[in-house]
Each structure stands twice: as structure tokens, then as C-alpha cells.
Amino acid sequence: DGSSLVDSQRAFGLESLSLRAASDLIEAGFKNVMHLEGGFPAWISEGLPTEGSSVKAPLKEKVVDPNAWPNVHASLVAAGIDSLDAADASKLVDSGKAVIVDVGAVKRYEDEHVKGSINVPFLRKIETKGLKVAGGVSSLGSSDDALERNPDFLEAFKKSVGDKKVIVTC
């Protein structure tokens, strides 16, 4: 089931939702975009605050692989996107100099997210009007809803964030 794998052994790579969102934001001309290295799991492993309907008691200390997400990091560097760890991201947010934007699905955000973050989903459910899309577009054969890139993502992002410095995660 993959539960014993460390992050660097997982298939995040170029399929990272937050990486794709950050790249689109840079291409659209946003200048103050950074990426939360290790994403939400790294935030949790640092013991930083979360909120949502599924928040559980803090987990035991977890060892984080310092070489996690090598493909994501290489893509961030190539795209000119700064990456920072959860502790530095928390300090930047606490100082009021940045906001964390979670580009994940609304349901997952409602269940649990970085405390104080805002949600601007990068993907949306494909409206099939009663038809089931076999395997979905982003669900890769799972029983999850079929998803597509949210065509309103950039507009929603600009409306929600404006010109603030942002740290993108999913």
C-alpha cells in the first residue's frame, strides 16, 4: 500500500499539484510565488498548526527524508520558483509577509489544512451530467471523481490573493 515509503520514494515528481499550480502562476506573471517544500506532510511533521474537520491529535515525531521530492525541486529550480521548508514558511506567514495558498481539492481542504491558509483549487470536478468518465482524467483509474484543470484558477487566485507573497502547497 506504500505506507512505509518515505517521500523521496513516492511518485510526486512532476505530477505535484502545487508545482503545476506554481508554474502556471509564474507563467501568468505572478512574481511573489514560492513553494512549500514537502507540502502539507512536511508542515504536519514540523508540528505546525492545522485546522479542519478531520484534524486529529498530533502525531508522534516523524523522520523526514531531507532528499524528498527531488524531481519537484529540480522542476522548481528550472521554473525559477523559490522553495522553502515548513519552519521558514511558518515564520514568513507569522510575520505577515506571506500567505499560504492550498491548491488542493475543496473536500481535502475542509478535512484538514495549514492553519490560516486559503484554498484556491487548481483542479475541479468534471461535470458529466450523469455520465461516469471511466477512470477519470486525473483519477488514474481510481473510483475518485474525474478532475480537470480549473479554468478559473488564475482569476480565483488573483481575486483571493492579490499581490501578496504566496507559498503554494497542496
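The model is predicted: local features need pLDDT of at least 70, side-chain atom pairs count only at pLDDT 80 or more, and totals for chains, interfaces and linings use all residues. Residues are numbered from 1 along each chain as its sequence is written, and side-chain values use heavy atoms, with hydrogens and water left out.

Start with strand β4, residues 99-102. Helices (H or I, at least four residues) and strands (E, at least two) are DSSP runs, numbered from the N terminus. In a regular strand, side chains alternate between the two faces of the sheet. In β4, Val-99 and Val-101 lie on one side, Ile-100 and Asp-102 on the other, and all are buried (under 20% relative accessible area, with exposed over 50% and partly exposed in between; 1.4 Å probe, protein chains only).

Next, select strand β9, residues 166-169, which runs parallel to β4 and is joined to it by 4 bridges. Strands count as paired if DSSP finds at least two bridges between them. Asp-102 has Thr-169 as its bridge partner in β9.

Then select strand β6, residues 118-119, which pairs with β4 in the parallel sense over 2 bridges. Here Ile-118 stands opposite Val-101.

Move to Lys-158, in helix α6 (residues 153-161). Lys-158 is exposed, at 52% relative accessible area. From its C-alpha, go 9.5 Å to that of Leu-25, 133 residues away in sequence.

Leu-25 is one of the buried residues of α1. Finish at Gly-29, which follows α1 and has a positive phi, near 100°.
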